[in-house]
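Colleague: Could you walk me through a few residues in this one? I'd like to go through them one at a time.

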Amino acid sequence: MTSRLTIALAPGDGIGPEIMDATLRLFKEAKVHDHLDFRPVAMGKSVFDTGNSKGITDEAVRAIEDCGVVFKGPMETPKGGGGKSINVTLRKLFSTFANFRVFKTLPGVQTVFSKAGIRLDFSIVRENIEDTYGGVEHRLSNDMIQCKRLISAPGCDQVHRFTFQTAKRLGVTKIHCGHKANIMKMTDGLFLERFRAVGKDFPEIETGDVIVDALCMNMAIKPQQYQMLVLPNLQGDIVSDLAAGLVGGLGFAPSANIGSNIAIFEAVHGTAPDIAGKGIANPTSLILSGLMMLRHVGLLKQAAHLENALLAALETGLRTGDFGDPSLPGYRKEPATTAQFVEGIIERLGEKPKTVPAVAVPEQATPTFAHPARPSGQQVIRTFVNVVTTVVGCDIYLDTPLSPPAVAEEMQRVAQDTPFKLTLISNRGTQVWPTGSVYTECVDYYRVRFELRDGVAPGAIGQSRAVALMDKIAEKFVVCSYELLRSFDGVRGYSLAQGQ
Ligand code: NAP
């Protein structure tokens, strides 16, 4: 137990510094600064502008590692030049595997659902590191670009365990896993399988799953049927912005990125360059993210006081220019500036909202966050299952404009004196040889699948024979990539082609 904590602070770009100043002013009034020190760290536009393509200095990385908690404003992503989003870099660098967002109807924020008298209160956990966000992309041929989608068992376990633990803490009784396992049977299938496996450790929480397209429709029609959702990264990104729209927009959805060691709290909206410097930005998302941070470090009482004051202020009609509910008795035509908005919340400190349920105020008011010991090196996270793998073939990917029969003829010739026989050619995932439709249009990038000849027992050969086959093919063709076909404890470790 520590009595004072240091939080790494990055105000951000555009409207970032304005909304951060406003949020910290509010926190100071709630005596948060009696327990927290804020240590400024350099990242974002100012760092990109020095030619640092990562957008974060080494000192800032070290400072964040020391603090274990980051509070950040929105940051600009450089346009062009290959500069990656600092926001994504941070999440990945510090392994914050779970993005946790809460979506609540707020008084004074008019939405389709608030007008219908439907209160929303649900949360989404999005896997934050894997999936297509690995950013592993290649141009494979004249016409084909690839983005690798990576989903790991330990990565799934981390995000699912966090989800169930958070649900338990918040009293959530049912969690839904959103996915597309009907199409991506292996990647999304793994995500769903690990969800069910982790769920067994939490028998008091009911589980359900929903295909992501149906989920989007359900969210538009009846979002109140969900309490908590967990999704893979890209699907979670899209669904959580959809959810933000249901409660009034990105300006009202706080966000926490949680890892085993480090946590990042940030507003989900961007730098809003069109209103930067005007002092009119809405700080609500950053304030709510800050409340998640206060709860994360143990300042539960202060967070509850602040949340009640915010709700009480909103229900009087206090608003910035980007939102408002004209049906409220106190609706103000003239919106507040960022500073006035915060003063309006400060005036309500100690009060509770009257039109919406107040947040219970716990007694816990000192930090409980203890930074875990610094690891001695990067950790390899594994599920520690001893699986027996067996080589059964290989998929070789070719850049060629030939037709399927011509590719087949060449491949059969090359494979003649090897332990492999050609079993399949597919194009964009659809089988085009040995059978298929003449109407299947092909592009200049093929998968050719080789499997063990009859009489060659699985496990009889190792990877080197497959590499030798690829070498032979590479004498005449551009080989873009190669995937070993293996079985894991006798279970096929690769998908079939459409139509196979
Ligand atoms: P954006 O900054 O969220 O702004 C879109 C529009 O939303 C703004 O022009 C403004 O609209 C409104 N808005 C957003 N936040 C607001 C606030 N707090 N108060 C009042 N109005 C607000 O999205 P963007 O224009 O797509 O992105 C701008 C930059 O931010 C990009 O460089 C992007 O990469 C970056 N970004 C960063 C993060 C992050 O740091 N986590 C997230 C998203 C985007 P009006 O026209 O109504 O004024």
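Modeller: What follows goes through a few residues of this structure, which is a predicted model.

Colleague: Which residues form the nonpolar patch on the surface?

Modeller: The patch is made up of Val385, Val387 and Phe488, which together present about 230 Å² of accessible area.

Colleague: And where does Phe488 sit, in which strand?

Modeller: Phe488 belongs to strand E17, which covers residues 478-488, and because its relative accessibility is 33%, Phe488 counts as partly exposed.

Colleague: Switching to Ser426, is that buried or exposed?

Modeller: Ser426 counts as buried because its relative accessibility is 3%, and its place in the chain is strand E14, which spans residues 420-427.

Colleague: What is Ser426 in contact with, leaving aside neighbours within four places in sequence?

Modeller: With those neighbours set aside, Ser426 is in contact with Gln431, Val432, Tyr446, Arg447 and Ala497.

Colleague: How far apart are the C-alpha atoms of Ser426 and Cys442?

Modeller: The separation between those C-alpha atoms is 8.9 Å, for two residues, Ser426 and Cys442, that lie 16 residues apart along the chain.

Colleague: New topic: which helix holds Glu307, and is Glu307 buried or exposed?

Modeller: Glu307 lies in helix H11, made of residues 300-315, and Glu307 is buried, because its relative accessible area is 9% and the cut-off for buried is under 20%.

Colleague: Which residues is Glu307 in contact with, again leaving aside neighbours within four places in sequence?

Modeller: On that basis, Glu307 is in contact with Lys104, Leu291, Arg295 and Val359.

Methods:
Residues are numbered from 1 along each chain as its sequence is written. This is a predicted model: local features need pLDDT of at least 70, side-chain atom pairs count only at pLDDT 80 or more; totals for chains, interfaces and linings use all residues. Side-chain values use heavy atoms; hydrogens and water are left out. Patches are made of residues with over 30% relative accessible area and no salt bridge: like charges are joined within 9 Å, nonpolar side chains (Val, Leu, Ile, Met, Phe, Trp, Tyr) within 5 Å. Accessible areas come from the Shrake-Rupley method with a 1.4 Å probe; for residues, only the protein chains shown count as cover. A salt bridge is a side-chain nitrogen of Lys or Arg within 4 Å of a carboxyl oxygen of Asp or Glu. Helices (H or I, at least four residues) and strands (E, at least two) are DSSP runs, numbered from the N terminus. Buried means under 20% relative accessible area, exposed over 50%, partly exposed in between (1.4 Å probe, protein chains only). Contact means heavy atoms within 4.5 Å.
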